[in-house]
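Take a look at the sequence and the structure below. We will start at the ligand and then turn to the cavities.

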Amino acid sequence: MLRLYNTASRSLEAFTPITPGKVGLYTCGPTVYWDASIGNFRSFVFDDILQRTLEVEDYDVTRVMNITDVGHLTDDADEGEDKMIAGARREKKSVQDIAQMYTDYFIEDAKRLNIKLPKAPYLCKATEHIREQIALIQQLDEKGFTYRTDDGIYFDTLKFPAYGALSGQKLEEKEAGARVAINTEKRNAADFALWKFSPKNEKRLMEWESPWGVGFPGWHVECSAMSRAYLGQPFDIHTGGVDHIPVHHENEIAQSEAAYGIKLAQYWLHNEFLLVDGQKMSKSLGNVYTVRDIENHGFEPLALRYLFLGTQYRQKQNFTWEALQGAQNALNRLWSAARALERPQTGNMEFEAEFLSAMEDDLNTPKALAVVWKLIDSDIQSQTKAKTLLWMDQILGLSLDKVVAHPFEIPKDIQTLVQLRNDARAKKDWLESDRLRVEILSRGWIVEDTSQGAKVHKGILSAKNEKENGKKT
Ligand code: AMP
Ligand code: ZN
């Protein structure tokens, strides 16, 4: 029985879908004004593990993820510049070009992490659903939940008594903790914009006609409108990072439930944050790494996925390059062990059951990984082991299908590069040794430094390398 921690009830609950056999799953997706960070990807890998676990449990999952390409302001509330417009100015490109470029990067990075993204139309853009967003605001307007200020149409949180239930925060606490509101016309600190007007006497880069005047939707509206359009209301599971609980998700719930008088979602799942060297990721600290940074340091993107699997999603996780090296080493060993197996036949039901029960325990990936290693180290027959491992990889997503029963020989050119790297290390020329490590990776091989010297493993060629090297795996 799958048990999941529901933020809404603050407890572990047995999962029961609204329609037997089917699951509607909604994830707040990226704002495409800049690269998605490895922190964002911790969140998206968690969603992927959830989806894969549900699928192994035989649910037919409809997964929806939004792409925010308008309305997310730089202070995450109702003030500041639109992140998309700031991105366009920063890179001297049009907003559309910025949105397309960072959406493409996001999809590429997700592929490298073996994330199953929703397909069209379920990977949906805010700017392509303005009509649905206006319809939602109209409902709220008709039911008296809105008021008008000089700069937009706002949701009146005092009229929605359940406001704050998800985070357990009372409106008064929010008032007390709020920064001095810049918009003095706001009735309560928690009120939020549903529709913002374009600046007076100025054409905004992105703006639309509406019954209230030319402008653009508030950031939270898109998720309420698109989840309803594709999954209906209520739907089963809504996910996101913990930072979304107190504002973005409270606001989604308030507007959807006030407009239609029914629950938005049954289960709310939130992942904890990824820290870097024990600190919050921030541009000013220069520690906002991307999946491409991971590759440029000579690691496989899937080593990052392995690292994420090592911590259950509700615990904070600390990223360090040493921890990533540890994950890469473990993954190399897993791939090597998988290569040495024979062609799969039938799986081992006991190991499969133990693995699944770890996943059913609120997606306990570290416990599931321990079962993987117990399987590898067990003396069950190689073909059975292979089949069991491949079954587990439906959830792990570590590309084991590409390595099972594929032993490798190390080609001459790689041996030469490894020797050159050993020489550089002997001379303590770390720059050269790192350069060679990246060069070796670009040819599809990974170096692991062990107490017995450097070992090489065959990697899974990333999309970039596949193009350059042809399919060599
Ligand atoms: P954003 O593009 O800022 O809306 O973020 C996309 C998703 O990543 C959201 O669900 C965030 O809660 C999540 N997120 C942002 N930063 C981190 C982090 N450092 N660790 C884990 N999840 C994060
Ligand atoms: Zn959202």
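How many residues surround ligand 1, and which are the closest? This is a predicted model. In it, 16 residues surround ligand 1. The closest are Gly39, Asn40, Gly241, Asp243 and Leu274.

Now go through the polar contacts. Leucine 274 uses its backbone: one of its polar backbone atoms is 2.8 Å from a nitrogen atom of ligand 1. Asparagine 271 uses its side chain, with a polar atom 3.3 Å from a nitrogen atom of the ligand. Serine 43 also brings a polar side-chain atom, which lies 3.4 Å from an oxygen atom of ligand 1. On its own, ligand 1 has 490 Å² of accessible area, and the protein covers 88% of that.

Which elements build the shell? Two or more residues each come from α1 (38-56) and β10 (235-241). The largest share belongs to α1, with four residues. By class, the shell holds nine polar, five nonpolar and two charged residues.

Next, the cavities. The structure has two of 30 Å³ or more. Helix α9 (301-309) supplies at least two. Seven lining residues are nonpolar, four are polar and one is charged.

Where does this lining come from in terms of domains? Domain 1 (3-271) and domain 2 (299-402) each contribute at least three residues to the lining of the largest cavity.

Note on methods. Residues numbered from 1 in each chain as written. Chains lettered and ligands numbered in written order. Predicted model: local features only at pLDDT ≥ 70, side-chain atom pairs only at ≥ 80, totals over all residues. Heavy atoms only, no water. Near = heavy atom within 4 Å. Polar contact = N/O pair within 3.5 Å; in protein donor to acceptor, adjacent residues only side chain to side chain. Areas by Shrake-Rupley, 256 points an atom, 1.4 Å probe, with all protein chains shown as cover. Nonpolar A, V, L, I, M, F, W, Y, C, P; charged D, E, K, R; others polar. 1 Å grid on protein atoms, 1.4 Å probe; cavity = no way out; pocket = protein on both sides within 12 Å on 5 of 7 lines; lining within 4 Å. Points joined across faces, edges and corners; volume = space filled by probe spheres on them. Domains from an automatic or database assignment.
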